[in-house]
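I opened my notebook for this one and went through it one topic at a time. Here is what I looked up, in the order I wrote it down.

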Amino acid sequence: MIIDKIQAERGFTLPDDYLELLSNIDAGEDYCFNEYPDEDPDFEGRCWEFLGEGLLVENIEMSGVGNVPAHKQIELYLKCYQEFTSSNMVSSSNGNIPLERVSNGFVVAEENGDLLYLDPQDDFSVWIFHHDGSDVMKVSNTISDWLARATIA
């Protein structure tokens, strides 16, 4: 299986709840999630397109930056970010996070250029990488908790 090869390459085992989701993803099925429920509780949220196994290994290329499989595409954005800053951190609602930690994130979904990823250094909690500001936001402790708050579009 593709996911087994990815896990071996990355040196970690993805959580069972994510692997179950991955095995049941239907092509074109989006999950809407409101990352600001306290500010706008009636908003259904942004609709995230999850990457199936085949898409996880699809080559993502940024001109002048390089190319990587989709599950690692945060690396490309952070290379761009590093061209414009001397900081080795990105900002988050939980304080500054080291670039190396964010770069190791496992991308699971996309929405309008932003990336939903799992953080292996935080028990695979769910985070959003905002590509415009190169900042991150923790939105759930587990993919199961994230899914419990999401709706299928």
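The entries below go through a helix, the sheet, the aromatic pairs, the salt bridges and one glycine.

**Entry 1: helix α1**

I noted first that this is a predicted model. Then I turned to α1, which spans residues 2–10, and asked which of its residues are buried. I found Ile 3, Ile 6, Gln 7 and Arg 10. Looking down the helix axis, I saw these buried residues fall within an arc of 95°, so they line one face of α1. Lys 5, Ala 8 and Glu 9 sit on the other side of α1 and are exposed. I also checked what covers the buried residues, and the cover includes α2 (16–24), α3 (53–56) and β7 (106–111). After α1 comes Gly 11, and I wrote down its positive phi, near 80°.

**Entry 2: the sheet**

Next I traced the strand order. I read an open sheet of 7 strands, β10-β9-β8-β7-β2-β1-β11, with antiparallel pairing. Which strands stand at the edges? They are β10 (135–140) and β11 (151–152); each has a single partner strand, so one side of each is left without a neighbour in the sheet. I looked at one pairing in detail: β7 and β8 run antiparallel to each other over 5 bridges. As an example, I followed Ala 109 across to its bridge partner in β8, which is Leu 116.

**Entry 3: aromatic pairs**

I searched the whole structure for aromatic pairs and got 8. One of them is Phe 33 with Trp 146, a stacked pair with 4.7 Å centre to centre and 20° between the planes. Phe 33 belongs to strand β1 (residues 30–33) and Trp 146 to helix α6 (residues 143–149), so this pair ties together parts that are 113 residues apart in sequence. Both Phe 33 and Trp 146 are buried.

I then took Tyr 117 and Trp 127, whose ring centres are 6.4 Å apart with planes at 25°, so I logged this pair as stacked too. Tyr 117 is in strand β8 (residues 114–119) and Trp 127 in strand β9 (residues 125–130), so here the parts tied together are 10 residues apart in sequence. Tyr 117 is buried at 1% relative accessibility, and Trp 127 is buried with a relative accessible area of 1%. I also marked one aromatic cluster, made of Phe 12, Tyr 18, Phe 106 and Phe 124.

**Entry 4: salt bridges**

The whole-structure search gave me 6 salt bridges. In one, Lys 72 meets Glu 9 with the closest N and O atoms 3.5 Å apart. Lys 72 is in the loop between β4 and α4 (74–84) and Glu 9 in helix α1, 63 residues apart. I checked Glu 9 again: its relative accessibility is 52%, so it counts as exposed, the cut-off being over 50%.

Glu 35 pairs with Arg 46 at 3.1 Å between the closest N and O atoms. Glu 35 lies in the loop between β1 and β2 (46–50), and Arg 46 in strand β2. I found Glu 35 buried at 11% relative accessible area and Arg 46 buried at 17%. Salt bridges with shared partners join Glu 35, Arg 46, Glu 111 and Asp 114 into one network.

**Entry 5: Gly 66**

Last, I stopped at Gly 66 in strand β4 (residues 66–69). Gly 66 is partly exposed, at 24% relative accessibility. What does Gly 66 contact, leaving aside neighbours within four places in sequence? I found Ile 60, Glu 61 and Leu 76.

Notes. Residues are numbered from 1 along each chain as its sequence is written. This is a predicted model: local features need pLDDT of at least 70, side-chain atom pairs count only at pLDDT 80 or more; totals for chains, interfaces and linings use all residues. Side-chain values use heavy atoms; hydrogens and water are left out. Buried means under 20% relative accessible area, exposed over 50%, partly exposed in between (1.4 Å probe, protein chains only). Helices (H or I, at least four residues) and strands (E, at least two) are DSSP runs, numbered from the N terminus. The arc is that of the directions from the helix axis to the C-beta atoms. Contact means heavy atoms within 4.5 Å. Rings of Phe, Tyr and Trp (its six-membered ring) pair if their centres lie within 6.5 Å; planes under 30 degrees apart count as stacked, over 60 as edge-to-face and the rest as tilted. Two strands pair if DSSP finds at least two bridges between them. A salt bridge is a side-chain nitrogen of Lys or Arg within 4 Å of a carboxyl oxygen of Asp or Glu.
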